[in-house]
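Dear colleague,

Please read the notes with the model open beside them.

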Amino acid sequence: MQNGRLCRHPLTNEMENRRLLAHEQTIKERFANIVPVLKRIAGLQHAADFVEQAQAVAYQELGFELPVRILADAWVTDLDMRALYGECVMQMLCLLAEQARAASPQQCDVDQCVDEAMSFFLDCGYHAVDISPCSDGRLKGLVRYILRLPYGAVRSKKSYAGAMFDVDANVKRWIETELMRFREGRPVTADAGTRYLKMVVYHTSSSDPAHEGCAAHGSNEIRAAEKALARLREFRQTIENSFCCGASVDTLLVGVDTDTDAIKVHVPDADGEMSLYRAVDNLALYRQTVNDDKNTARLKVYQAIQAASALGGWGGGNGEPHEGMRRLIATLLINNLSQIEYVCGNWGGRYPDIGHNERFISVGDGFEEFQLRNLAYFAHLHTVEEGAPDMDVGIQIFKKLNVSHGLPIPLAIHFRYDSRVPGCRERTVERCQRVKAALESRYSELASQGLLVSGMTVQDKRPGSPIEPIEASGTRTLRSTE
Ligand code: ZN
């Protein structure tokens, strides 16, 4: 509702909005149900047939059974609710991922969407689009919800605390992409004149900018944007300095207001340079166009981009970006109008949970099955050493969310492997175990109190592969013989 009336923007994709809402509600409700169900089970623990009763409740309410080893000890010590909670989060994750996979539209439909998006990017002059958002869980729905892009169309979407992506790792990814064009002509040959687009997404909270913004930048929007912009310039500079023949990349800086999911696109000038003060604010654009017809609204989107390019003063730059970039920005803005409408129609224009409300920390490669706001804090890492700053921010967030209520922090350690590469699965399983051990020693105080529970899973890189849980290698046996 806005000004007491139901808002409906003319450019909204209503069918997609309904589909996304059903998906979000199902998953969130299932996770939210864990605590009430465990409370019920806790109340049963001194009954004679406790194990049977508990399993019946768990199966009926959550959809899976609980580990017998935890339940069976309840008669002698109190039920280990922390361990049980951790197990439930992990099992729920696997169950929902499995259901999402089974319910996902036919693979050919997905492929078609991805193909369409890829050819749209190519039309705009980009053979690869790479997005680095902040790891904040409120941006977890960035690709599917906020930007409305098919997940598979974005070449890379690795998150970093404060969106501070690793320039060296990114240069390596750029090299791989360019090599693929030379070697295989995919997606277009090397002489096609297209470019690699690097996007960085920072965030703020319009309701409480001083507290609910980006934790990695002390909730300071200007600093978050400035740092992200500086990192983008470094990346572009590195490529221009290291590779001759006019090698370069396009860069784009986008801000998200995590209360409304509205984006702010910093429009590059003709030289690809951006300014913090030259941007299109999509929430303002939404308000200006909500009562228009489709064509007028569309026209106003393009005019807003032109107006930004024409700005003088602090926001001044060297003219308009190239036509492909303008089309890309217009599409992102129009896609995002549907998301603003989504938040408007379902939550009165502002999410009820403006702060952190994540359910688990996703460590490693992240689950493709879950692209939802505030479901997981995401720490992309290969080794704990390199991912330490991201992890520390996540642990701080969960100390407030979970530990302060006596609940443990669930860590879902997940890595993808390539089944075509001999020995890759085994090495990936070992990596899971190494990362788990390293996390438990880094946060040993939490781990020793049972306030850190981790689950490990691996998954083949091929689309639609199942998630395979990994048993913690003999940790139980080790503990009991100590
Ligand atoms: Zn952040």
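**A surface patch and its aromatic contacts**

On the surface, I222, Y277 and W314 make up a nonpolar patch, and together they have about 390 Å² of accessible area. Please bear in mind that this is a predicted model, and that the values here are computed from it.

When the whole structure is searched for aromatic pairs, 11 are found. In one of them the ring centres of Y277 and W314 are 5.2 Å apart with the planes at 65 degrees, and because planes over 60 degrees apart count as edge-to-face, this pair is assigned to that class. The pair links distant parts of the chain, since Y277 belongs to the loop between β4 (262-266) and β5 (279-281) whereas W314 belongs to the loop between α11 and α12, the two being 37 residues apart. Elsewhere, F31, F360, F367 and F370 are joined into a cluster by ring pairs.

Two charged side chains also sit over rings: the charged end of R148 is placed over the ring of Y342, at 5.9 Å from its centre, while K198 lies over the face of F165, 4.3 Å from the ring centre.

Methods
Residues numbered from 1 in each chain as written. Predicted model: local features only at pLDDT ≥ 70, side-chain atom pairs only at ≥ 80, totals over all residues. Heavy atoms only, no water. Patch = residues over 30% accessible without salt bridge, like charges linked within 9 Å, V, L, I, M, F, W, Y side chains within 5 Å. Areas by Shrake-Rupley, 256 points an atom, 1.4 Å probe, with all protein chains shown as cover. Salt bridge = Lys/Arg side-chain N within 4 Å of Asp/Glu carboxyl O. Phe/Tyr/Trp six-rings, centres within 6.5 Å; stacked < 30°, edge-to-face > 60°. Helix = DSSP H or I, 4+ residues; strand = E, 2+ residues; numbered from the N terminus. Lys NZ or Arg CZ within 6 Å of the ring centre and 35° of its normal.
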